[in-house]
Amino acid sequence: MTTDMLSVKGGTKIFYRGTLDERRALDGLDVALKPGDFCIVIGSNGAGKSSFLNAVSGKLPLDSGRISIDGQDVTRLNAHRRAQFIARVFQDPMIGTAPTMTIGENMLLAELRGKPRGFSYGLTAARRAKYSEQLAELNLGLEKRLDMQVGLLSGGQRQSLSLVMAVSTRPKLLLLDEHTAALDPRTAKLVMDTTVRAVEALQLTTLMVTHNMEHAIKYGNRIIMMDAGKVLVEIGQEEKNGITVADLVERFHTKSDAIALQGG
Amino acid sequence: MDVLNSFYGLIPVTIAQSLIVSFVVLGVMLPFRILNFPDLTSEGAFPLGGCVCGTLITAGVNPFLACFIALLCGFAAGCTTAFIHLRFRINTLLAGILVMTMLYSINLRIMGRTNIPLFTYDTVFTVLAGPSANFPWTKILIVGLLVALVLGAMLYFFMSEKGTAMRAVGASPDMAEAQGVNVGTATIIGVGVASALSATGGSIMVQTQGFADVNMGFGILINGLAALIIGEAITGRQTILRQVVAPVIGSLVYYQLISFCLTLGLAPADLKFATGAFVLLMLALPNLRRSSAGVQIREKTRE
């Protein structure tokens, strides 16, 4: 049996504990991903999808539970220390890149993610050549604009850049946080296609949060449905083939209604 | 013509002064522009550098060593401000005011009185230039070389692997963290270096003016901000080179303007008002145009 690439056991995070506003963002969450899994995370607003991703990335320290990546316990590591294993593409194209810095500098930041940074010159000729090559695969012409400020790019271009930055280091875990939600449909498709190509080519273990049910069905090999900080339904590879949006919605409602009834 | 003549006569002295203050302007620029951390510590770090340096020189310490210790004290002051902000989540401006206010007492304690004359002691200028130490061109040469050195070092650093990471912290903290940059450490070191620059400016200033005074930094931050704005208007901010050079250019131009206004008859008492009004105008100008178009106003220092 291979080690799980990501394992979350009993992940719990409670906001405003002990007050009237107490809210269980994560409530004993258990998730395990095998190497190469492309897992889609769906669920309504407030189900805990973002908290899940933030807990994995280290932005949200857990109250209890354990998280390990490729067999290594990272529960106590800060976000910036976990960056050596994890790459993330944010929903907001403005957040995932440094707007006042150039495309080349952004690529440099990504290349050295989680690695020691020295006092040597950053954008060497060798690096520029490498970045140009990596960006050329996008077919957006970014490879000729390494010295252009990222803030001047369109949302789609920035998100594509963000994606290249994330995958170019072959992270152990790729987190996609509704990364096409802020884009128009055509651009979203472009970014999604690039995502799938990269994930498949590099066999990246991926967690993708989405509100788009069609994306959930079309992409990835597993679906996790979250509700109230827990995994409500898990749909594996075989079951996922041939499932429809209607099936998904129905399964979500039967299950959450059943829980609501039990919980009374 | 008299006015112009006295203005011309003052040009070298003014250049020397503006080169010294350009350390402070660099110390204002770094947190504001690179780290997006509006910081007021300079106002306290500048006299701190002066008081530490002056006290050490009168105690017989080598002036170069005195400058270096002043620099370290400034670094500590800046780190304190950043730490207060990060650890206790106190607004950056308030953290700076707290440190600046406390530094006033510390500066008084260091000197033991409000003013120390240094005329009879060796300074870096007398050590380097001997009897010609007091000529403005000597000062311009020595301080100018030092400024060039600091500019070169800053430029190289901000293009290095570490420096790129520090700039990312100001550009997008979330992104920097996701790329494995320790945002807290980078902020503390960056603000520390900024205050170290201001303190260095203070330590050089006391050696050229011949005395250290506990009140010497009053209003220096607004002067620095005015110089920075002028410099950026001239050089722009598109590249890191322009951003790093802007403070020095701005300082050189700003102090010539001040000198010109003074020779024209502006009362020195009105100087701070004029400077403040100028900074206000420059900060308000883009918003004046925008708010008439119905766009909501954002805090300017945060930009």
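**View 1. The annotated span of chain A.** According to an unreviewed UniProt entry, the annotation "domain: ABC transporter" covers residues 6–253 of chain A. The model shown here is predicted.

**View 2. An open sheet in chain A.** The sheet consists of 6 strands of chain A in the order E6-E7-E8-E3-E9-E10, with mixed pairing. Strand E6 (86–89) and strand E10 (230–235) of chain A are the edge strands, each pairing on one side only. From one strand to the next, the twist averages 20°.

**View 3. Pairing of E3 and E8, with the helices on the sheet.** Strand E3 (residues 38–42) and strand E8 (residues 205–209) of chain A are paired in the parallel sense over 4 bridges. Opposite Ile40(A) stands Met208(A) of E8(A). Helix H1 (residues 49–57) of chain A packs on the sheet and touches E3, E6, E7, E8 and E9 of chain A; the direction of H1 makes about 150° with that of E7(A). Helix H6 (residues 155–167) of chain A also packs on the sheet, where it touches E6 and E7 of chain A. The direction of H6 makes about 175° with that of E6(A).

**View 4. Packing of two helices in chain B.** Helix H10 (residues 220–235) and helix H11 (residues 240–264) of chain B pack at an angle of about 115°, their axes 6 Å apart. The crossing of H10(B) with H11(B) is right-handed. Contributors to the contact include Ala226(B), Leu228(B) and Ile230(B) from H10(B), and Val245(B), Ile249(B) and Tyr254(B) from H11(B). The contact residues comprise 11 nonpolar, 4 polar and 2 charged.

Definitions and conventions
Residues are numbered from 1 along each chain as its sequence is written. Chains are lettered from A and ligands numbered from 1 in the order in which they are written. This is a predicted model: local features need pLDDT of at least 70, side-chain atom pairs count only at pLDDT 80 or more; totals for chains, interfaces and linings use all residues. Axes are lines fitted to C-alpha atoms, for helices over the stretch in contact, and angles run from 0 to 180 degrees between N-to-C directions. A crossing is left-handed if the near helix is turned anticlockwise from the far one by less than a right angle, and right-handed if clockwise. Two residues are in contact if their C-beta atoms, placed from the backbone, lie within 7 Å. Ala, Val, Leu, Ile, Met, Phe, Trp, Tyr, Cys and Pro count as nonpolar, Asp, Glu, Lys and Arg as charged, and the others, Gly among them, as polar. UniProt positions are given in the numbering used here, feature names are shortened, and annotations may be inferred rather than shown by experiment. Two strands pair if DSSP finds at least two bridges between them.
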